[in-house]
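Here is a friendly briefing to read beside the model. Take a look at the fold first, and then we can go through it topic by topic.

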Amino acid sequence: TAENINLQSTTAEYKSNATHGTILDRVAGIYLSNPNQGNVVLAANNNITLGGADIVNQSTGATQLTAGNNINVGNITTRDYITNSNGRDYNYNTGAIRSNISGNSDILLDSHTIRNAGDLSGHNVVLKSGTDIDTSGGSITANKNLVLNAQGNVIANSTAKTIQIGKDGNNFYYQKTTIDQPTVLQVIKNPNGATDGQLVINAGK
């Protein structure tokens, strides 16, 4: 068992004519493609952190993440600027490279605290937390059962982002805040068409 596990994709700066910003460089990931292989298991004494990373299990085995402290399924940010003829950045936008945990079978996240802003999808998807589960801006899809079991709070808010236009130094002439990512919790038909799955949310507070 590792002390901490970090899967972080990387970004790079780009510049082309009147545009510049930050783009995705390399994707961090764990991929199991052989259908006859077994489970994907990540275990950490302290934290498991994903930043724009993939864990893809195409086998019939389960995918399990267990941490003693925190599991954070996070994203990394990209940015785009457009520069006018006076050298001022007049259009500024941000995007997100989302983490993805997907499997043909079950997915389990078990930790003291769980934060999910990425995409989770599997047959049965279960999140178990000793305190809070925060899936704001995240997407969780199950073909059978989706279970959120928290001893504390279950938090599922949409997230916002700010578009900024007309940058002059550290100041912006105009900025607007919009919905960035809604939170999605859904149970869908599995490939065999069964619809007997459930969405279960248990919160201690």
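What share of the contacts in the chain with a separation of 6 or more comes from residues 24 or more positions apart? That share is 47%, where contact means heavy atoms within 4.5 Å. This is a predicted model, in which local features need pLDDT of at least 70 and side-chain atom pairs count only at pLDDT 80 or more, while totals for chains, interfaces and linings use all residues. Residues are numbered from 1 along each chain as its sequence is written, and side-chain values use heavy atoms, with hydrogens and water left out.

**Overall make-up**

- The chain has 23 strands and zero helices; both are DSSP runs numbered from the N terminus, helices being H or I with at least four residues and strands E with at least two.
- Of the 205 residues in the chain, 36% are buried; buried means under 20% relative accessible area, exposed over 50%, and partly exposed in between, with a 1.4 Å probe and protein chains only.
- Accessible areas come from the Shrake-Rupley method with a 1.4 Å probe, and for residues only the protein chains shown count as cover.

**The largest nonpolar core**

- A nonpolar core is a set of buried Ala, Val, Leu, Ile, Met, Phe, Trp, Tyr and Cys residues joined through side-chain atoms within 4.5 Å.
- The largest one has 28 residues, and I48, L50, L65, L109 and L127 touch the most other members.
- Strands that each supply at least two residues of this core include strand 1 (2-8), strand 7 (63-67), strand 12 (107-111) and strand 15 (125-129).
- Strand 5 gives the most to this core, with five residues.
- Beyond its neighbours within four places in sequence, L109 is in contact with L65, I71, V73, I114, L120, V126, L127 and K128.
- As background, nonpolar side chains tend to be buried together in soluble globular proteins.

**Salt bridges**

- There are two salt bridges in the structure, each being a side-chain nitrogen of Lys or Arg within 4 Å of a carboxyl oxygen of Asp or Glu.
- One of them joins the side chains of D119 and R98, at 2.8 Å from N to O. This pair links distant parts of the chain, 21 residues apart: D119 is in strand 14 (residues 119-122), and R98 is in the loop between strand 10 (89-97) and strand 11 (100-103).
- R98 counts as buried because its relative accessibility is 18%, whereas D119 counts as partly exposed at 25%.
- D134 forms a salt bridge with R115, with the closest N and O atoms 3.9 Å apart. D134 lies in strand 16 (residues 133-134) and R115 in strand 13 (residues 113-116), so the pair ties together parts that are 19 residues apart in sequence.
- R115 is partly exposed, with a relative accessible area of 27%.

- N116 is found in strand 13 and is buried, with a relative accessible area of 0%.
- A polar atom of the N116 side chain lies 3.1 Å from the backbone nitrogen of G118.
- Not counting residues up to four places away in sequence, N116 touches V73, D134, T135, S136, G138, S139 and I140.
- D119 is in contact with R98, S99, N100, I101 and S139, leaving aside neighbours within four places in sequence.
- The C-alpha atoms of D119 and I140 are separated by 5.9 Å, and these residues are 21 residues apart along the chain.

**Loop positions**

- H123 sits in the loop between strand 14 and strand 15 and is partly exposed, with a relative accessible area of 26%.
- From C-alpha to C-alpha, H123 and S105 are 4.9 Å apart in space, and they are 18 residues apart in sequence.
- G152 is in the loop between strand 18 (146-150) and strand 19 (154-155), and counts as buried at 5% relative accessibility.
- The C-alpha atoms of G152 and N202 are separated by 9.2 Å, with the two residues 50 residues apart along the chain.

**A nonpolar surface patch**

- L24, V27 and Y31 make a nonpolar surface patch of about 270 Å². Patches are made of residues with over 30% relative accessible area and no salt bridge, with like charges joined within 9 Å and nonpolar side chains (Val, Leu, Ile, Met, Phe, Trp, Tyr) within 5 Å.
- L24 belongs to strand 3 (residues 19-26) and is partly exposed, with a relative accessible area of 31%.

Terms used:
Polar contact = N/O pair within 3.5 Å; in protein donor to acceptor, adjacent residues only side chain to side chain.
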